[in-house]
Amino acid sequence: MNENSCSFHNEKELRDGQVEGVSAGYPPPCDKDNSALLAFRGIPISELKNHGILRALTAEANNGWEPAVTNTEVLRAQEEWETVDSIQPETGSRASSDQPGQLISFIEALQHFQTVDLSSFKKRIQPTIRRTGLAALRHCLFGPPKLHQALREERDLVLTIAQCGLDSQDPMHGRVLQTIYKKLTGSKFDCALHGDHWEDLGFQGTNPATDLRGAGFLALLHLLYLVMDSKTLLMAQEIFRLSRHHIQQFPFCLMSVNITRITIQALREGCLSRECNRQHEVVPVVNSFYAATFLRLAHVWRTQHKTISDSGFVLRDLEVLAKKSPRRLLKTLEIYLAGVSKGQASLLGARKCAGPQAPPCKDLTFTGVCDLPPHSSEGTWLI
């Protein structure tokens, strides 16, 4: 049958309205096409997608076709589909978070502890160092002034938080961990609360809770404070890069926990009382002292070419300096932050910090504050 004959039949069938296949969108029932149609009807629907002829017809029909009007439901479905690739599978334990992906500020985390019942933890604290004999007399005559009565409740809150552990079932605790991880690594996604990725940040194991001995949740609050301020965040990232140096590497988070321990001791021994009385507050002074001490450690570590084998000696000397001259450390931090705000080079040295980076070594032998024996009759390593 030639092309003209097929066209003639098509016109006649359309006129008479006798062919249902045309109204349903099927091809005209020429003899050749009719046999093909019968062949398609014998194929299961599930197999039609694999049929070569059908694929060819579909490709030809869709070539150059564009819808005139976009359905709102289609747009909504497309948006939902595009968000699928941002969903990350969780590994390890469940990531505890009320609002996944939402960062938490230091103030919000602190307010959480101000509103919950901490009476069971508060019973454990020793706000001041117990001194007897000549040590008590010497401290009374030549020691720092006592903390004002109005500030003692705030001091006790800080020490009480240091008694609280990390609870992976508490959504706020999970958000603090997620915020620290995202700010240090630049990741936009949540991570599991247990896993090897915490070792990359400088914890000793896959569970950060096991490294908070002697500092409690206060150690995490200090890290949160460090990464959530735009000025101190630059300092935190710079120290973090130094901790991953191929020669001078050290466990960043574990070192931070030790700085928090030194801060707790300085607060209990009254070394920060003068500054707290001057500023009429405790928490900001404690935070600044922590940041200033960490900055001092990083400066010594970089400029004196310290390595992990020197950690115990560096921390011992740092504790002595921090307790003896807290105002000096705080002034150094002020100068550093002023330089950061003006875009000036950091105290660590921009070019010196730019070096090869090594993955954290799990075999590092780190000597922390709790591993050192007390070096004076006035010191104690218990909170």
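A residue counts as buried under 20% relative accessible area, as exposed over 50%, and as partly exposed in between, using a 1.4 Å probe and protein chains only. Lysine 331, at 42% relative accessibility, is therefore partly exposed. Please keep in mind that this is a predicted model, where local features need pLDDT of at least 70, side-chain atom pairs count only at pLDDT 80 or more, and totals for chains, interfaces and linings use all residues. Residues are numbered from 1 along each chain as its sequence is written, and side-chain values use heavy atoms, with hydrogens and water left out.

Let us begin with the whole chain. The protein has 20 helices and zero strands; these are DSSP runs, H or I of at least four residues for helices and E of at least two for strands, numbered from the N terminus. Of its 383 residues, 40% are buried.

Now for the salt bridges, each a side-chain nitrogen of Lys or Arg within 4 Å of a carboxyl oxygen of Asp or Glu. The count comes to nine. In one of them, lysine 323 pairs with glutamate 269, with the closest N and O atoms 2.9 Å apart. Lysine 323 sits in helix 18 and glutamate 269 in the loop between helix 15 and helix 16, so the pair ties together parts 54 residues apart in sequence. Both residues are buried.

Back to lysine 331: its salt bridge partner is glutamate 334, at 3.7 Å between the closest N and O atoms. The two lie in helix 19, three residues apart, about one turn of the helix. Through shared partners, salt bridges join Glu275, Arg278, Arg327, Lys331 and Glu334 into one network.
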